[in-house]
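This briefing looks at the nonpolar core and the aromatic pairs of the structure shown below. Please keep the sequence and the model at hand while reading.

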Amino acid sequence: MEFGKAFTYVFEDKDWLKKIGIAALVSLIPLIGQLIVMGWSLEVTRRVIQNDPNPLPDWADFGGHTVRGLKSFVIGLVYALPIILLGACQGLIPVLGGNGGDDTMNTIILVVTVCFSCVIFIYAILLALVLPAVYGKFAATDELGAAFRFGQVFGLVRAAPSAYLIVVLATLVTGIVAGLGIILCFIGVFLTLVYAMAVNGHFYGQAYNQATAAKEMQASTSY
């Protein structure tokens, strides 16, 4: 994994300021702006997977970025459904348990609530690890169904767990970078946000390439 490359490749593009600037403006579109930018960042992932020397895409294919972004929303929603459902159930527990002063019931409610919180926390960690592989698989094939080939997706993570752990770490770093935009006032938030998404897209592609290479090596040594 080229950790530094993911953060610097943007500035190697002679039109980087124009591309990032347009992305920041697009992100201001109500409701779907950031989804479109997500689609644009997954184009970065696709280009990295294909070893394109110019991984930062322009905005000529606005429609393609939009469709890809909407598909990524569907993917993320489906994978997040367990958290959504568990959270909803957790919120209903006190209601179903009533508001009485029964100490036993209150203890049961507390224990069950803590259990739900633990399960949600564990699933959230797994999701952070798996979702980059999901998006990598989707970007590589441009097929919505590919994101739900669970065996293949989990196979990528098993093949290169260290690569996906690096992606999780990198996502935390880019989250900090995105937050730095507050210092630059309103527009700065959007500039750093889209830059962070472009960096994440590069990491997704790198991890996918490393995982597929590891799988190929495992397959060749098994014969």
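This is a predicted model: local features need pLDDT of at least 70, side-chain atom pairs count only at pLDDT 80 or more; totals for chains, interfaces and linings use all residues.

**Aromatic pairs**
- The structure holds 12 aromatic pairs, and in one of them the rings of tryptophan 40 and tryptophan 59 are stacked, because their planes stand at 15 degrees, with the centres 5.5 Å apart.
- This pair links distant parts of the chain, since tryptophan 40 belongs to helix H3 whereas tryptophan 59 sits in the loop between H3 and H4, 19 residues apart.
- Tryptophan 59 also pairs with phenylalanine 62, with ring centres 6.1 Å apart and planes at 45 degrees, so this pair is tilted.
- Tryptophan 40 is buried at 0% relative accessibility, and tryptophan 59 is likewise buried, with a relative accessible area of 11%.
- One aromatic cluster is formed by Tyr79, Phe148, Phe150 and Phe154.

**Nonpolar core**
- The largest nonpolar core has 48 residues, of which Trp40, Val134 and Tyr164 touch the most other members.
- At least two residues of this core come from each of several helices, including H1 (3-12), H3 (33-49), H5 (103-141) and H8 (185-221), and H8 gives the most, with 11 residues.
- Apart from its neighbours within four places in sequence, tyrosine 164 is in contact with Leu129, Pro132, Ala133, Leu156, Val157, Ala207, Tyr208 and Ala211.

Conventions. Residues are numbered from 1 along each chain as its sequence is written. Side-chain values use heavy atoms; hydrogens and water are left out. A nonpolar core is a set of buried Ala, Val, Leu, Ile, Met, Phe, Trp, Tyr and Cys residues joined through side-chain atoms within 4.5 Å. Buried means under 20% relative accessible area, exposed over 50%, partly exposed in between (1.4 Å probe, protein chains only). Helices (H or I, at least four residues) and strands (E, at least two) are DSSP runs, numbered from the N terminus. Contact means heavy atoms within 4.5 Å. Rings of Phe, Tyr and Trp (its six-membered ring) pair if their centres lie within 6.5 Å; planes under 30 degrees apart count as stacked, over 60 as edge-to-face and the rest as tilted.
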